[in-house]
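Below are my comments on the model you sent.

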Amino acid sequence: MSDLQGLARRIHEACGSNLQKLYTQEDLIPFAPNGDSEDLLLAINVLLQRGYIKILKQGDAFVYQFLSKDTVDRTRNLTPDEALVYQHIESSAREGVWSKILKTRTNLHPTVLTRCLKTLENHRYIKSIKSVKFPTRKIYMLWDLTPTIEVTGGPWFTDAELDADFINALLVAIERFVTSRSFPKQRPGSTSIIPFEAGYTGYPTLSDITQWVKNSNLTEVELSEADIKALLEVLIYDGKLERVIGGTAYKAVRRVEGAVKQGVTEAPCGRCPVFDLCNEDGPINAANCVYFEKWLAEI
Amino acid sequence: MAFRGGRGGFRGGRGGGSNGGPMMPREFDVKPDFGPTEQFPDYTIPFQDPLTSTERVHVARFRDHREKVHSGPLYTVLGKRKGLEDPFADVVTYSAKKYHRQKRKVPKLDSRPYVFEFFPVELWETMDSSYAATGDRSVVINGRGDRRKRLLISSLNTDLPNGGHHDDKSDASDEEDEEKEREKKSVLAKLMSHKDEEDDGLGDEEEEDGDGEDEGEEEDDYQDDEDGDYNAEQYFDDGDGDVDYGDDDGGGGAWFD
Amino acid sequence: MQQNAVELCTILVRDTYGELSSRVVAALLEYGRSTLHTIVRRAKIPERVVKQTLVVLIQQHLVLHYTNEDGGRDATHYECNWLQIYELLHSGRMVRTIEERFGSEAASVISNFLLLGHARVSDFITAYGISTKPKPNAVLPNGTTISASEATGTAPITTAAQISKHIITLMQAKFLIPVQVHHMHPSVDTENAIRQKVTTEQVGTAAALQARAKKVIDEKVAERMEALSSDIDNKNFGLKRKSDQPDGRARKRTKFSTSLLPEEEEWEIDGSIVLRVNNAKFLAIFRNEELVRWAESRIGKTTSLVYAELLRHLEKNIVGHRTEKGLVDGGKKSVVSTLDIGNTLRKDIDLVNSIASGPAITNGHKRAMANGHTTGANDEESEGDSDDYDLDADSDGDVGMNGTHELSSAAQEKKEQLQNIRKHLMLLAEDNNQFVTKQEGSMQYGGWTVDTQRLCEALRIRELEQIVEERFGGIATRLVRIIKDKGKMDEKGLADIALLRQKDIRAHLGTLHERGFLHIQEVPKTAERLPARTFYFFYFDEKMSKMAMLNDFYKAMSRILQRIDHERSLNSMLLSKADRTDVKGHEEELLTKKELADLTKWKRSEEKLIGQLMRVDRQVMMFRDW
């Protein structure tokens, strides 16, 4: 029996170091003393009883997941109610679980549930997180887990809030980078920006840009090509970049000071706050308009 | 009511929201403001990018063209009703009569040849008094029955508003040049502020003028200054004094019959 | 017709032709097609005066008329031609355009035709020919010399031959077109008359199937309407070859001839025809000027000069017809060859240093080789003249190639010029807007066409976005572009793509919707149609946005004109004094310092306001005419 304890400890020590890995029966066979699978099974049973191991189903086969000693100790000290709540939260993994769902699943009285959650939170076993999709819901997950992208909203979100400053900083940086690759270096003495010849292929591609962002120390956040693409889309919608070479590369839109002719928007009427009320026979008209007055003063 | 509220705030709540925007779901960020506001709420007035030299030439040509029409036989200015003249602005002095441009209350038509088939028959007698008198279609058919009638041709003013330059200094001097051009802004402004009285003006004119011609309307017009109030060089004078119509347009010196 | 357009037209007519004309126009615009008596009643002007005014308006093509002659009693209806009224705004620019292209004598011809409305050629030339007065101020008053043509422009036109030369030039270029009776009628009436005629013709032949007969009639009507306008498309319509005049009518015709075009026959004008200014042609010119500006801002000055030259070649064939779809250039779709452009392009344009060749500045070396032949541009280059391309690719080294090619320097120069022009044209073709389209074919150095209709579509969109940006800021523009691109979108989806918070875009969407740039479709989730349980989808409708904007433009233009009136009335005493014949030309002596300052200020104000008016006009043309 003592041998069995020893075997169980040995197995746990060997496999418990990698808590993410799932072990099949075959994986554990090497631990069986003298190839005796009987003893092995007994040892696994011991681990199961003590909660150091969990059986999961993967396809048709059963696999084992090892739990750390901490985790085991944690649950051991919980009240049955707390343990129940803990188990439900644990099973929700990185998605987290909404307090309302928790209530229906555990069937606990609200005050009991609240007390349980509080205790668990105080012990730093669980935490409440904010979801991008449901900003008003209270969602719980285990303390040491990181929420999934669906919950956090991806790299653009900080605490389930869109991080506008972060996004803008990236937009500006990327625009600058693409602009620097879109036009040749100005010749000395020349003030105008000249274009690359037709058929030029040096404009940066999505992977060029992603690579540049990665190497640029702009952010610690890992940004995928899809993330960079989303930023590039926004820059295109802003009229700052455009796709070239059949959509495979990006180029800055040439912008020249004063080249864009304005019309109505530089007249007083163009942005007039009372334009709709302006009428020749009304109290607001062209003759008594103070905006025209000021506009004309700038001659 | 988020939109309506937003607009109310912006527009000062003065009857804004006439076409009520759609109801917006969820939280409302803009609170309606139904308080009284100024007639002209403050806003940043846009700045006009200074006109380019090309644009200034376009403007100059536009003004010039309009000026030519104003000096011509087709432009009409309706007089003010008697008794409503501004005692200071409208006082008729000798010099005013002598030097001010004549104003036409009705267009002067009888001076040029027409392509009659382009006009409806009911207007023919208006276009040519000899047709009116005789109903003689031959006047119309050969188109140029009246040999004395001639199109009025004017020369083009090709001055550039700023000599092609674009600095302020030359602008200032160019303004002077422009003045020397035939810049004759007329009494149109007066018209704008006296719309109500025009009916009567016309009525008067109808009474005093029953012969189908526009003689007698241009009361102001008794100067015979050859240079007229237009630049005489602008027009090509055939020197052929017109007996029939000389009375009423001799002063103009510009439009010939 | 939009109320704001009615207001603008009324003001414009008042501004140009005075109060009487504007009252008649207002009555016609307000109530539509009317008879003489209806106008008299509505304008509250005596019949005699209404008739005189109608003559003016018809002469200027501002009013159309039609007399229904069947049914015994003739009834003449009048109808306002409001687009022609709007054209009053273009007078200055039209005159200037001709001045720049053909000199001031030709500009003077255009100016006079504008003043006259239309005129019989013989009358026009007679009136001109009479003038032999030398013009005293042959030098510009301010002493500036502008260009040779402009300096001589102040000299009077003296001979009939000179005038007819200008008229022929302007006719061949379609700036002047013959007026026919049907131009004086509303096209609806013309069409109805043709339909009636066709129908009566048809009755005799095949009264069998009514439905089929209707289709046949429709086709015939369309055909004949087409024929009416196609006369003008003919380059020499209204002109006669000097050699083959039919002797019978030669006597009646006033003959003016010219040997303007050396390679072609001499032409003379049929003196009996009536001419007017072709506004549509000018609209096409203005449109092309805008396209050149656009190319300049997107690619560069030099490329835009090449583009301008190409468009000038195309312009020769443009007649210009206004249709519901916009401006149609008319005539055959023409191809301009690189050679054409090379023959007329100014030689002092630096074609070489205005383009950077790729390989010289390699920052894309990783892909340059791999992607090289996937682009259409390189494909075409490698077709027939690959050696040329090699030459180009060496860029800086191509001077040294002279020897190896063993060409005379002039020929070599020409060849290089054509290659360089082609490089600029390739840039224009490769641009996302596709300013030009390369035509397949054997034309040396390539042939090019321009799809103006598609380009103007893109131009409109750009302008619209520009206006949104100016008025509502960058975020609003981003939202409009997304909605335009993706179709119907709800707030959530928009926020996701725009990478913006929903609460940050809500106010923008509200404003855009209010001003008519966006529209909303409501889709209730439940039968109760509760606002909280409804999806709101924003969408963009170009046509509706266009209308909303044009409406705003017209209103803004009216306000500018009204403000000019106001400013003028503020200065009425001064202006009336400055207008006096004894003061004119002697302002310095006769006006006080303050008066002079005020006069200058007034002129600047008016210039600023009219300048603004023309800038809005540019947008109106873009949204309505092009």
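**Notes on the predicted model**

1. The contact between chains A and C draws on 46 residues from chain A and 60 residues from chain C. Please keep in mind that the model is predicted.

2. On the side of chain A that touches chain C, the elements giving two or more residues are α9 (164-182), α11 (225-237) and α12 (290-297) of chain A. The largest share comes from α11(A), with 4 residues. Sorted by class, this side of chain A has 27 nonpolar, 9 polar and 10 charged residues.

3. The largest nonpolar core has 193 residues. Within this core, the residues with the most contacts are C:Cys9, C:Val24, C:Val25 and C:Ile110. Helix α14 of chain C (residues 279-298) provides the largest share of the core, 10 residues. As background, nonpolar side chains tend to be buried together in soluble globular proteins.

4. Which residues does C:Val25 contact, leaving aside its neighbours within four places in sequence? They are C:Cys9, C:Thr10, C:Val13, C:Leu57, C:Leu62, C:Cys80 and C:Ile85. One of them, C:Cys9, is also listed with C:Val25 among the residues with the most contacts inside the largest core.

5. For residues 464-539 of chain C, UniProt gives the feature "domain: DNA-directed RNA polymerase III subunit RPC3 winged-helix", from an unreviewed entry. In the model this stretch is 57% helix and 16% strand. Its end C-alpha atoms are 15 Å apart.

Technical notes
Residues are numbered from 1 along each chain as its sequence is written. Chains are lettered from A and ligands numbered from 1 in the order in which they are written. This is a predicted model: local features need pLDDT of at least 70, side-chain atom pairs count only at pLDDT 80 or more; totals for chains, interfaces and linings use all residues. Two residues are in contact if their C-beta atoms, placed from the backbone, lie within 7 Å. Ala, Val, Leu, Ile, Met, Phe, Trp, Tyr, Cys and Pro count as nonpolar, Asp, Glu, Lys and Arg as charged, and the others, Gly among them, as polar. A nonpolar core is a set of buried Ala, Val, Leu, Ile, Met, Phe, Trp, Tyr and Cys residues joined through C-beta atoms within 7 Å. A residue is buried if 20 or more other C-beta atoms lie within 10 Å of its own, exposed if 12 or fewer, and partly exposed in between; C-beta atoms are placed from the backbone. UniProt positions are given in the numbering used here, feature names are shortened, and annotations may be inferred rather than shown by experiment.
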